[in-house]
Amino acid sequence: MMKHIKVTITAVDSLVITASSGNSVLTPSGDYISGTMLRGIFAGEYIREKKLGTEAHKDKDFKRLFFENVNFVDAMPSHNGVASFPVPFSVMKDKASNKLMDMLKEDKPRPGYKNVRGLAVVEDNKLCSISVNKNILFHMSRSSEQERISGRSSDGQIFNYESIDPGQQFVGEIIGGEDDLAQLLSGMPSDGFTAHVGRSRFAQYGTVQVQLGKIEDIHHLNTPTGKELFIRALTPLIPSTGIITSADQAIMEMCGNILDGIKVSKVFASVVAIDNFVNIWGMKRPRVNALGAGTVFVLEKDEWTAEDLRKVESAMFGGIGQRTQEGFGQLRGWQADVYEKGSDVLCIAGNQGDDILISGMAKDITARVVEKFVLEQLKQYAYDDAVNLKSSIKGKTHLFARLLQELGNEPHDNIRQMFGETVEKTLNERKHSPYAKALKLISVNGNHFEDLFTDFSCKMPYIDKWNETMSRSDLKMKDLLNKIDMQISDEEISNGKYFHDYWYWLFHYCRKLSARKKEAR
């Protein structure tokens, strides 16, 4: 029976994860650590721990673990210790709201819906897109002593690297039999280890901290209520034949031998090119076509037995198609029951590995990540409040354009008072204007705009929502704030950049909604 080990990787330095691109000016970075890289990380550490040196390829255990029996699955950006996944290609979102639909359960798309792409996690049964913080750094070639002294490149060679910021976490897994996984763990330091990945990994980039979990059982598939079993591709699927004439046919060829009487239907897929550079060869592997991660389809059978599900599960985690040891061909179950888009989330630390984020640069980076999370939450609160206001803001586009102008684009520490004084001055000058009347009529969570802007003791409308978010047991934000000695009081979140971001987005969304109402009149 297959088991797995959770792998948590934390970026200590910036990471440049090689991504395919025809851009000669910028070296872009991918968003995750591939199974190929993950296998390389563990193979290198195993060789060091077991002192295999240049003879590793002759060691039977090494060959069995890294080229035969064990699968190393992509380490994806994580949120609170939970790995993200590619959004299934069947998921669509309503352009005007957060409602989702899944084409696995629909006959045809509904008007106004568009495809959802990217990486996500599911929280509170909502699909939340996840983002990875990145930077672009400039380099110039200064290989000679004269170039280094002069501080310039004589031949004009310049490089721009896109990199993943330090302090972010990625979660992958290692899958195999219990004996093989135990053998692998015996060749690893018990308290984790440091490794290097990606471009320039022995210079300025690429240092990561690797933590291993325990050997655990794999979650079992739920028995379907009908004939259909929904399956999604966690990683790209490379057909054994190496040829893709159609997505349906390729999936049927890969799944057809799992068990008798199985059928494939409702395939949503895209074809991607797979290639990578192999250091030990000094060259790229031949490029192959694959069905992209996020491919989703239905397996049909007249009646599903426990043995049928065991076989499907074995194929899902064992991998189908080629290069399964590098994590390709990984499948997972999909319920197709997530019907709402939640707030966007950030790639931040969970429980495992938190202790390394307590000092120095990593502490400062984590504080910035937390701050961005708070700002994203305020943006979501602003959207929700704007939607609730739509019946009372019909035709008031000019009002919100005026408020945006008075608020300004740049937040500062005392922005609440300065904005309030600006509004109060306008009210005094235009006491009977539509502007003044609107501020007395429009209210958010029981408080009128006029009070919220000019009464500095008035509680901001998002305070209760923020405190409710902070009290969620699954978020564990308080623990993270304590680790980095960061506190966000009601007073602090009621001013400065937090005040500015909430009201900026509320005015922005209200302006759009009021214009839409006006056009519909």
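Q: Over which ring does the charged end of Arg402 sit, and how do I read such a contact?
A: A charge counts as sitting over a ring if NZ of Lys or CZ of Arg is within 6 Å of the ring centre and within 35 degrees of the ring normal. Here the ring belongs to Tyr435, and the charged end of Arg402 is 5.5 Å from its centre. Lys379 gives another case, over the face of Trp505 at 4.2 Å from the ring centre.

Q: What should I keep in mind about the model and its numbering?
A: This is a predicted model, where local features need pLDDT of at least 70 and side-chain atom pairs count only at pLDDT 80 or more, while totals for chains, interfaces and linings use all residues. Residues are numbered from 1 along each chain as its sequence is written, and side-chain values use heavy atoms, leaving out hydrogens and water.

Q: How many aromatic pairs does the structure hold?
A: Rings of Phe, Tyr and Trp (its six-membered ring) pair if their centres lie within 6.5 Å; planes under 30 degrees apart are stacked, over 60 edge-to-face, and the rest tilted. By that rule there are 25 aromatic pairs. One of them joins Tyr462 and Tyr502, tilted at 50° between the planes and 4.6 Å centre to centre. This pair links distant parts of the chain, 40 residues apart: Tyr462 is in the loop between helix H11 (449-454) and helix H12 (463-470), and Tyr502 is in helix H15 (residues 496-520). Helices (H or I, at least four residues) and strands (E, at least two) are DSSP runs, numbered from the N terminus.

Q: Are Tyr462 and Tyr502 buried or exposed?
A: Buried means under 20% relative accessible area, exposed over 50%, and partly exposed in between (1.4 Å probe, protein chains only). Both Tyr462 and Tyr502 are buried.

Q: Why are Phe499 and Trp503 separated by about one helical turn?
A: Because they are four residues apart in helix H15. Phe499 and Trp503 form a tilted pair, 6.3 Å centre to centre with 55° between the planes, and both residues are buried. They belong to one aromatic cluster, whose members include Phe400, Phe419 and Phe507.

Q: In which sense do E14 and strand E15 pair?
A: Strands of a sheet pair through backbone hydrogen bonds, either parallel or antiparallel. Two strands count as paired if DSSP finds at least two bridges between them. E14 and E15 (residues 207-217) are antiparallel, over four bridges, with His196 opposite Thr207 in E15.
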